Amino acid sequence: MGLLRRERRSLLSVHASKVAELGGLTVEMYRFGSWRSYLLQERCAELVGIEARLADIDALLGTGPAAGAARCSCGATLRSGAQFCSNCGRTVGTGGADRAPDDTIVERPPTRDH
Ligand SMILES: [Zn+2]
């Protein structure tokens with residue numbers, strides 16, 4: 001069904017731009033100290049709705065992310081299709097929760113020695 005694939009593609013691009021907007025909005029709120037959780041929640045709810053529709057489409061097309069619980073390198077279990085670890089915030093990549101993150105963790109050396 002070409003229609004489903006087309007819908008999936010457009011949902012993915014809408015989702016990506018909404019995630020970017022949400023990120024920008026979050027930074028603005030932080031910068032100006034006007035934190036409005038409800039605005040973020042509204043946008044998050046919208047995104048979760050889009051994700052749910054995408055999951056439905058994936059199920060219909062049989063193209064969903066591989067089943068099985070993946071883990072973040074922090075040890076937290078990742079839900080299927082997760083792009084971020086909800087425990088540590090690390091990016092875990094699209095469509096494959098077990099893909100290694102590109103960024104490496106820089107551990108700060110102990111600065112104080114008496
Ligand atoms: Zn993590």
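Student: Before the contact figures, what puts two residues in contact?
Tutor: Two residues are in contact if their C-beta atoms, placed from the backbone, lie within 7 Å. With that cut-off, residues 24 or more positions apart account for 31% of the protein chain's contacts with a separation of 6 or more.

Student: What sort of model is it, and how are residues numbered?
Tutor: This is a predicted model: local features need pLDDT of at least 70, side-chain atom pairs count only at pLDDT 80 or more, and totals for chains, interfaces and linings use all residues. Residues are numbered from 1 along each chain as its sequence is written.

Student: What's the fold pattern along the sequence?
Tutor: The protein chain reads α-α-β-β. It has two helices and two strands. Helices (H or I, at least four residues) and strands (E, at least two) are DSSP runs, numbered from the N terminus.

Student: How many residues are in helix 1?
Tutor: Helix 1 has 31 residues. It reaches 45 Å from first C-alpha to last, close to the 45 Å expected at 1.5 Å a residue. The expected span is 1.5 Å times one less than the number of residues.

Student: And helix 2, how far does that reach?
Tutor: Helix 2, residues 37–61, reaches 35 Å, close to the expected 36 Å. It has 25 residues.

Student: What follows each helix?
Tutor: Gly33 follows helix 1, with a positive phi near 65 degrees. Gly62 follows helix 2, and its phi is positive too, near 70 degrees.

Student: At what angle do the two helices pack?
Tutor: Helix 1 (residues 2–32) and helix 2 pack at about 160 degrees, with their axes 10 Å apart. Axes are lines fitted to C-alpha atoms, for helices over the stretch in contact, and angles run from 0 to 180 degrees between N-to-C directions. The two helices are therefore roughly antiparallel, a label for angles over 145 degrees.

Student: Left-handed or right-handed crossing?
Tutor: Helix 1 passes helix 2 in a left-handed crossing. That means the near helix is turned anticlockwise from the far one by less than a right angle.

Student: Which residues meet there?
Tutor: From helix 1, they include Leu4, Leu11, Val14, Leu22 and Leu25. From helix 2, they include Leu40, Leu47, Ile50, Leu54, Ile57 and Leu61.

Student: Is helix 1 largely buried or in the open?
Tutor: The number of buried residues in helix 1 is zero, so it lies largely in the open. A residue is buried if 20 or more other C-beta atoms lie within 10 Å of its own, exposed if 12 or fewer, and partly exposed in between. Of the chain's 114 residues, 6% count as buried.

Student: Switching topic. Which residues form the largest nonpolar core?
Tutor: Ala70, Cys72, Leu78, Ala82, Cys85 and Val92. Such a core is a set of buried Ala, Val, Leu, Ile, Met, Phe, Trp, Tyr and Cys residues joined through C-beta atoms within 7 Å.

Student: Why does Ala82 count as buried?
Tutor: Ala82 has 20 other C-beta atoms within 10 Å, so it is buried. It sits in the segment after strand 2. Its C-alpha is 7.1 Å from that of Val92, 10 residues away in sequence.

Student: What does Cys85 touch?
Tutor: Leaving aside neighbours within four places in sequence, Cys85 contacts Cys72, Cys74, Ala76, Leu78, Arg90 and Val92.

Student: And Phe84, buried or partly exposed?
Tutor: Phe84 is partly exposed, with 16 C-beta neighbours inside 10 Å. Beyond four places in sequence, it contacts Gly89, Arg90, Thr91 and Val92.

Note on methods:
Angles under 35 degrees count as roughly parallel, over 145 as roughly antiparallel, 65 to 115 as roughly perpendicular and the rest as oblique.
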